[in-house]
Amino acid sequence: GTDLSGDYSERWHCDHAQFKSLDNEALQNVFPDGRIQFDQEQIQQLDEELQRLDSDGVHVMILFTPSRSDFKSALSNYGEYKIVIDQLVNKPRVIDLDLNVNDSIFMDADHVACPSTFTRENILPVLK
């Protein structure tokens, strides 16, 4: 068979991807009350790790990856995770690729259909 371990583009037929609708049952399993939950211990661990990296001189960048509009609207507090991260990280280090995203790039509600194309055309330019 074809080795697809490094690139999903071939597997997901990027030129003519068939997008899946939002699986509300699966969403309810992960977010039973329709809200993103924040674990304070995990937030504290992230804060401590970011401080450690900063003191070691490591430059950390946070990329908010895109999600499809129906996924965002299905969660009543979708944007709150960005606020939590923004409070922990210096703003110049945060890049929001979730703004004004056309839903046609998605394979499903939370996964980009053509990751190599998305990386080349969307992520790499903002990192330069």
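This report looks at Ser67 and the aromatic rings that its partner Tyr78 belongs with, in a predicted model.

## Where Ser67 sits

Let's start by finding Ser67 in the structure. Look at the loop between β1 (62-64) and α3 (69-74), and you will find Ser67 there.

Is Ser67 buried or exposed? Its relative accessible area is 4%, and because buried means under 20%, Ser67 counts as buried.

Which residues touch Ser67, once its neighbours within four places in sequence are set aside? They are Lys72, Tyr78, Asp98, Phe106, Ala109 and Asp110.

Tyr78 is itself buried, with a relative accessibility of 10%.

A pair of aromatic rings is described by two things: the distance of the centres and the angle of the planes.

How many aromatic pairs does a search of the whole structure find? The search finds four. One of them joins Phe71 and Tyr78 in an edge-to-face arrangement, with 6.2 Å from centre to centre and 85 degrees between the planes. Phe71 is buried, at 10% relative accessibility.

Tyr78 also pairs with Tyr81. This pair is edge-to-face, with centres 5.5 Å apart and 75 degrees between the planes.

Phe31, Phe64, Phe71, Tyr78 and Tyr81 make up one aromatic cluster.

Key. Residues numbered from 1 in each chain as written. Predicted model: local features only at pLDDT ≥ 70, side-chain atom pairs only at ≥ 80, totals over all residues. Heavy atoms only, no water. Helix = DSSP H or I, 4+ residues; strand = E, 2+ residues; numbered from the N terminus. Buried < 20%, exposed > 50% of the residue type's maximum accessible area, 1.4 Å probe, protein only. Polar contact = N/O pair within 3.5 Å; in protein donor to acceptor, adjacent residues only side chain to side chain. Contact = heavy atoms within 4.5 Å. Phe/Tyr/Trp six-rings, centres within 6.5 Å; stacked < 30°, edge-to-face > 60°.
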